[in-house]
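Here is a short report on a single structure. Start with the view below, then read on.

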Amino acid sequence: MSSTSRSLQLLDQAPPAAASVLATLLSAGPLSRVELARRLGLSSAAVTKAARPFLDDGYLHELASERTAPGAGRPVSPLAVTPDREFFVGMKITDTGLYGVLCDLHAQVRSSRRTRLPDLQPATVQRALAVMVDDLLDGPLDVRGGAAAPQSSGPRPPVRERTHQLGIAVSGDVDRGTGRVRRSGRLGWHGVDLGALAAEATGLTVTVENDVKALAVAEHWFGEGAGTDYFALVTVGAGIGSALVVNGRLLAGAYGVAGELGHLSVDPDGPRCHCGARGCVEAIASTGAVLAGAREATGRAELTIEEAVGLARAGDPVVRELFARAGRAIGTGVASLVNIVGPERIVISGEGVEVNDLFEAELREAFAEHCFGAAADCPLTLRPLPFEAWARGAAAVGIQSLFAAGRVATRPHPVLA
């Protein structure tokens, strides 16, 4: 059996304790065995036993010994994840292009690509995925492996041999367990078996996830939400999306649409939403909704969103109010999430946040006004992210699928002999 086959078998057969050790080190490491034992409710001996196979196979390494405090007992050797031991491809599919990244075990982007899609036919996307995966696996690699990486410089690691997971992020209703895109309005897809198509084209194990949920996984494991048990991500752009982490787990709900902020009604007399309801956050605050209002107000049917932003920044009172109204709708919706779920932190992102100067004040004001009691103390971070960050979220889903206990992924056929 090859070393790669042994590694995959080791990961697939990892007991829950080992999976927990790995997942904790991924999101919070480096940590001593004592600290791991404390966090996981295990004995130090159990942690040592769980970690040993992964130390032997290079997924983990020990850092130099250190004392935990002056005068403390014998030095400890913290355990850390070895970034270059495994790589992950992440893809974000939009209605115009494909964005791909190659990430290491720290979810650091080591290479990125983008390409336009001539059309959105599943076969076209399948071919583009295959080409981009090959390009990422064989192309130049940024050797920066992050802190505590024993092989952060030197020869290029065997990336293709160490890459087995592909994560794909798409908008819409996604069945992660089967890799099936049940519905994506942005892509015009209904019942597309994307996981099977991608696995056939690339030979990788594929996990397909809703794009907002994928971005939330990256933020929860490796970003602003690291270390929290309750976390929320909200995205502002062509749609209004959201994802919730409850008790440390991404919340899907019985029908896979839990925490759908965009379709909370914040104004029963507001505009009709494409979902059929009135006054949804998305019907007021999405890029399309703001642009439609600006076109109506100015009488300019060809007005672009960039031109609408320019008018608002130049002081046009009507267009400026459209952005302010969007901020109030988002703030009110986010307050509802906080009142119900109580996240420790919230990140608001998406391409729409690039113009937060036009709505952030109103967003925060509405948030504070509609939160109950101490919930208003929940910190809000507004941070625009490029599509490559969404692709990184898809790679993070691949990392989670490989290492987390109870993982699910699409394996249509064996990859290795």
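## A central strand

Ile93 stands opposite Leu98 in E4. Ile93 belongs to strand E3, which spans residues 87-93. This is a predicted model. E3 and E4 pair in the antiparallel sense, over six bridges. Three residues lie between the two strands, and together they form a hairpin.

E3 also pairs with E6, this time in the parallel sense and again over six bridges. Ala169 in E6 is the bridge partner of Lys92. E3 is mostly covered, with seven of its seven residues buried. Phe87, Val89, Met91 and Ile93 point one way from the strand. Phe88, Gly90 and Lys92 point the other way. In a regular strand, side chains alternate between the two faces of the sheet.

## The sheet around E3

E3 is part of an open sheet of five strands. The order is E5-E4-E3-E6-E10, and the pairing is mixed. At the edges are strand E5 (109-116) and strand E10 (205-210), each pairing on one side only. From one strand to the next, the twist averages 20°.

Strand E4 covers residues 97-103 and pairs with E5 in the antiparallel sense. Seven bridges join E4 and E5. Gly97 stands opposite Arg116 in E5.

## Helices across the sheet

Helix H5 (residues 122-138) lies across E3, E4, E5 and strand E6 (163-170). H5 runs at about 30° to E4. Helix H7 (residues 211-222) lies across E3, E6 and E10. The angle between H7 and E10 is about 105°.

Which residues of helix H6 (residues 194-202) are buried? They are Leu194, Gly195, Ala198, Ala199 and Thr202. Seen down the axis of H6, these residues fall within an arc of 125°, so they line one face of the helix. The elements that cover them include E3, H5, E6 and E10, along with strand E8 (180-184) and strand E9 (189-192). Just after H6, Gly203 takes a positive phi of about 75°.

## Two hairpins in a row

Strand E7 (residues 173-175) pairs with E8 in the antiparallel sense over three bridges. Asp175 stands opposite Arg180 in E8. The two strands form a hairpin with four residues between them. In that turn, Gly179 has a positive phi of about 75°.

E8 then pairs with E9, also in the antiparallel sense and over three bridges. Here Val181 stands opposite Val192 in E9. E8 and E9 form a hairpin too, with four residues between them. Gly188 in this turn has a positive phi of about 70°.

## A second sheet

Another open sheet of five strands has the order E13-E12-E11-E14-E15. Its pairing is mixed. The edge strands are strand E13 (249-250) and strand E15 (380-382), and each pairs on one side only. Strand E14 (residues 345-349) runs parallel to E15, and three bridges join them. Val347 stands opposite Thr381 in E15.

Helix H11 (residues 317-341) lies across E11, E12, E14 and E15. H11 runs at about 15° to E12.

## Rings and charges

How many aromatic pairs does the structure hold? There are three. One of them joins Phe54 and Tyr59 in an edge-to-face pair. The ring centres are 6.3 Å apart, with 80° between the planes. Phe54 is buried, with a relative accessible area of 2%. Tyr59 is buried as well, at 1%. The rings of Trp221 and Phe222 have their centres 6.0 Å apart and their planes at 55°, so this pair is tilted. Trp221 and Phe222 are both buried.

The charged end of Arg85 sits over the ring of Tyr59, 4.5 Å from the ring centre. The charged end of Lys92 sits over the ring of Trp390, 5.2 Å from the centre of that ring. Lys92 is also one of the buried residues of E3.

Note on methods:
Residues numbered from 1 in each chain as written. Heavy atoms only, no water. Pairing = 2+ DSSP bridges. Axes fitted to C-alpha atoms, helices over the stretch in contact; angles between N-to-C directions. Contact = heavy atoms within 4.5 Å. Buried < 20%, exposed > 50% of the residue type's maximum accessible area, 1.4 Å probe, protein only. Arc of directions from axis to C-beta. Phe/Tyr/Trp six-rings, centres within 6.5 Å; stacked < 30°, edge-to-face > 60°. Lys NZ or Arg CZ within 6 Å of the ring centre and 35° of its normal.
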